[in-house]
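I opened a new page for this chain.

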Amino acid sequence: MVSTKKKGRKKLAEQAQQAESVFKASMKEEGYRCTTERLTVIREIYESDSHLDADEIFVRLKKKGVSISRATVYHTLDLLFKFHLVNKIDLGHKHTHYEKSYGVDNHLHIICEQCDRVVEVHNDKLNDILEKLCEKNGFTLGSFSLQVFAKCREEAEHHHCERKSVDDSCPSAS
Ligand SMILES: [Zn+2]
Ligand SMILES: [Zn+2]
Ligand SMILES: [Zn+2]
């Protein structure tokens, strides 16, 4: 089942606000300074529905006139990961991609090897399988973010994928 249902705007805004509160509280607890720059990073991620990489976040913030360094973006992403507020995803690029994780269901990413298209799949059966596999090996399932690499059907059938010509894939991918 492909998740196409859109969550209401209000719900998303609430989610973003809660994530931000958790971030603030966690930083305070661990003795990190809660700077405006750090907050702009979490806001950018929670406003977005895609899988951003650090450079992309940096460029987006710069465009918005935020004065922030690349190093701060990287460091903030590490903090967000540490506090379980973002997931790291490997899209087969040389760099890591990030996505919001607070209030987001565990899911699978199907990534086209040829056109970089990413589809998110939420599936209860998958959850059950992983739960059982963990149990069998003496673990309790925590959160997960899975990736599989595949070829999209457009590509296989027509040797041409529409998305391939559209330049909206990751700008920093090489
Ligand atoms: Zn494709
Ligand atoms: Zn995702
Ligand atoms: Zn990328």
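The model is predicted, so I take local features only at pLDDT of at least 70 and side-chain atom pairs only at pLDDT 80 or more, while totals for chains, interfaces and linings use all residues. Residues are numbered from 1 along each chain as its sequence is written, and chains are lettered from A and ligands numbered from 1 in the order in which they are written.

Layout. I took helices (H or I, at least four residues) and strands (E, at least two) as DSSP runs, numbered from the N terminus. I found seven helices and six strands in the protein chain. Their order from the N terminus is α-α-β-α-α-β-β-β-β-α-β-α-α.

Among contacts with a separation of 6 or more, 61% join residues 24 or more positions apart. I call a residue buried if 20 or more other C-beta atoms lie within 10 Å of its own, exposed at 12 or fewer, and partly exposed in between. Of the 174 residues, 20% are buried.

Helix H2. I looked up its length: twelve residues, spanning 16 Å from first C-alpha to last. That is close to the expected 16 Å, taken as 1.5 Å times one less than the number of residues. Its buried residues are Arg38, Thr40, Val41, Ile42, Ile45 and Tyr46. They pack against H1, strand E1 (52-53), helix H3 (54-63), helix H4 (70-82), strand E2 (86-89) and strand E3 (97-100).

H1 with H2. I fitted axes to C-alpha atoms over the stretch in contact, with angles from 0 to 180 degrees between N-to-C directions. H1 (residues 9-30) and H2 (residues 36-47) pack at about 150°, axes 10 Å apart. The pair is therefore roughly antiparallel (over 145 degrees; under 35 is roughly parallel, 65 to 115 roughly perpendicular, the rest oblique). Ala16, Ala19, Glu20 and Phe23 of H1 meet Leu39, Ile42, Arg43, Tyr46 and Glu47 of H2. I sorted this contact into six nonpolar, no polar and three charged residues. Ala, Val, Leu, Ile, Met, Phe, Trp, Tyr, Cys and Pro count as nonpolar, Asp, Glu, Lys and Arg as charged, and the others, Gly among them, as polar.

H2 with H3. I read an angle of about 105° here, with the axes 10 Å apart. H2 and H3 are therefore roughly perpendicular. Thr40, Val41 and Glu44 of H2 make the contact with Ile57, Arg60 and Leu61 of H3. I count three nonpolar, one polar and two charged residues in it.

Note on methods. Contact = placed C-beta atoms within 7 Å.
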